[in-house]
Amino acid sequence: MANKIQSIKGFYDVTPDAQKIWRYFESQCLSIFDQYGYEEIGLPIIEATKLFEAGVGTHTDIVEKEMYSWTDKLNKDKLTLRPEGTAGCVRAVIQGSLTYNGPIKLFYRGPMFRHENVQKGRQRQFHQLGIESFGLTDPSSDAEQIIMLSRLWKTLGLEKIIRLEINSIGDKEDREQYRKELIDYFEKNLEILDDDAKRRLHKNPMRILDSKNLQMQDMLEKAPKLIDSINEDAKNHFNLLCQILKDNQVDFQLNKRLVRGLDYYNRTVFEWITTDLGSQGTVAGGGRYDYLVERLGGKSTPACGFAIGIERIILLLENANLVNNIHPDIYIVNLGNESRDKSFTIAEYLRDQDYKVAVNLDSASFKSQMKKADKSNAKIALIIGEDELKNNLIQVKLIRKDGSQIELKEKDILSFIKNNI
Ligand code: ATP
Ligand code: MG
């Protein structure tokens with residue numbers, strides 16, 4: 001036998017069972033995003049490497065060590081598999097002048113690629129569902145996105161295990177001032193910094209606050225907090241956001257150390273966190289990025305967005321034992337070719353009435369077909385054997401109720417099903 005070829009590390013198949021949960025999750029997202037008026041944009045998976053260098057920032061984990069980049073063999077272009085969706089979305093908005101007629105609210109979904117250490121909830125190909133709005137400065141647009149996410153968790157039954165942390169990191173000038181203060185503070189604590197932190201000290205000191213190194217936590221806790229020194233406008237913006245969240249019964253915790261990993265944020269930053277997935281606990285994160293459109297060559301446009309890590313939500317839904325809600329309504333058991341032909345006719349007739357119908361397609365015994373019918377989670381099994389075929393009858397078994405079985409005339413089948421599903 002030939003050697004089996006395996007998928008590469010960090011890249012996974014989504015099994016049909018898991019796919020059912022994905023579809024359920026996505027359908028809930030899509031209907032909620034529709035309710036709030038977000039429109040879907042389709043974006044390429046490959047972009048120019050410089051888009052991410054400029055958009056995400058050269059001193060971030062993503063650009064420093066996580067991107068899949070290569071030089072195209074034919075035209076020598078430097079290309080990258082997208083590690084996140086915002087930079088590409090901003091590029092598309094600028095390129096297509098999508099804010100020409102005013103603010104626009106978008107969402108995208110699909111795979112992202114980061115070459116990082118593989119763990120549960122941390123893959124090299126993972127999927128995000130992201131929301132971005134362009135042209136809106138008011139904290140009500142930040143609030144709307146957060147309220148929408150809160151509704152999503154409720155719809156999915158996850159609201160008790162996901163909590164919201166928010167912070168404001170002010171505007172550019174606040175960050176520049178704070179950067180100096182922070183470097184001073186870290187230099188005074190140089191002996192506590194680990195190698196990663198030392199390397200970041202002058203490049204991206206705010207990222208050090210994100211460190212999960214236990215030895216550094218005490219020192220990080222005592223570091224000066226950016227939100228304590230942000231400008232009045234940013235402070236008002238943040239207070240208003242908090243007020244809107246309170247008015248809409250969205251609980252949150254202020255986390256003064258929350259800075260987010262990417263360079264482009266300003267003012268609002270937020271993360272939704274669960275304690276159920278260890279250190280892979282952030283299930284969604286986002287914030288405001290008022291400078292990014294201009295930085296990528298567009299007209300200065302305020303913006304705000306977030307991304308949900310789909311795999312992490314799927315893990316939570318799996319843990320929550322979400323009922324498998326995509327299954328046939330009806331399973332047709334049949335014996336022999338003629339009976340199978342009849343089953344097809346009846347199945348098509350019932351599908352015309354919008355029922356989900358599975359027809360047994362192998363020549364398994366009656367007993368094993370009944371087992372499959374049960375396992376399929378269908379509500380009703382129809383049995384068409386030789387006798388039934390001869391007399392235009394169908395045996396109907398209520399497999400999810402009391403298991404009782406009755407014999408019906410073929411013409412009465414639809415009204416019976418209507419009354420029993
Ligand atoms: P983390 O701190 O867990 O590395 P991040 O800050 O790098 O997350 P973002 O860039 O904000 O993540 O991406 C948004 C969301 O995408 C994360 O909150 C997470 O749910 C998900 N995510 C990010 N990286 C991965 C990955 N490698 N595998 C699976 N999901 C991921
Ligand atoms: Mg990361």
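Are phenylalanine 134 and tyrosine 289 buried or exposed? I looked both up, and both are buried (under 20% relative accessible area; exposed is over 50% and partly exposed in between, with a 1.4 Å probe and protein chains only).

**Ground rules.** I am working with a predicted model, where local features need pLDDT of at least 70, side-chain atom pairs count only at pLDDT 80 or more, and totals for chains, interfaces and linings use all residues. I number residues from 1 along each chain as its sequence is written, letter chains from A and number ligands from 1 in the order in which they are written, and take side-chain values from heavy atoms, with hydrogens and water left out.

**Aromatic rings.** I found 7 aromatic pairs in the structure (rings of Phe, Tyr and Trp, the latter by its six-membered ring, with centres within 6.5 Å; planes under 30 degrees apart are stacked, over 60 edge-to-face, the rest tilted). The rings of phenylalanine 134 and tyrosine 289 have centres 6.3 Å apart and planes at 80°, so I log this pair as edge-to-face. Phenylalanine 134 belongs to strand S6 (residues 125–134) and tyrosine 289 to the loop between strand S10 (282–288) and helix H10 (292–295), so the pair ties together parts 155 residues apart in sequence. I also noted one aromatic cluster formed by Phe11, Tyr68 and Phe113.

**Charges over rings.** Lysine 105 has its charged end over the ring of tyrosine 38, 4.6 Å from the centre. For lysine 172 the ring is that of tyrosine 291, at 4.3 Å from the centre.

**Strand S5.** How many of the 10 residues of S5 are buried? I get 9, so to speak a mostly covered strand, spanning residues 104–113. S5 runs parallel to strand S1 (residues 39–40), joined by 2 bridges, and glutamate 40 stands opposite phenylalanine 107. With S6, S5 pairs in the antiparallel sense over 10 bridges; there I see leucine 106 opposite glutamate 132. Pairing here takes at least two DSSP bridges between two strands.

**Whole chain.** I count 15 helices and 16 strands (DSSP runs numbered from the N terminus: H or I of at least four residues, E of at least two). Of the 421 residues, 51% count as buried. The C-alpha atoms fill a box of roughly 90 × 60 × 45 Å along the principal axes.

Note on methods
Lys NZ or Arg CZ within 6 Å of the ring centre and 35° of its normal.
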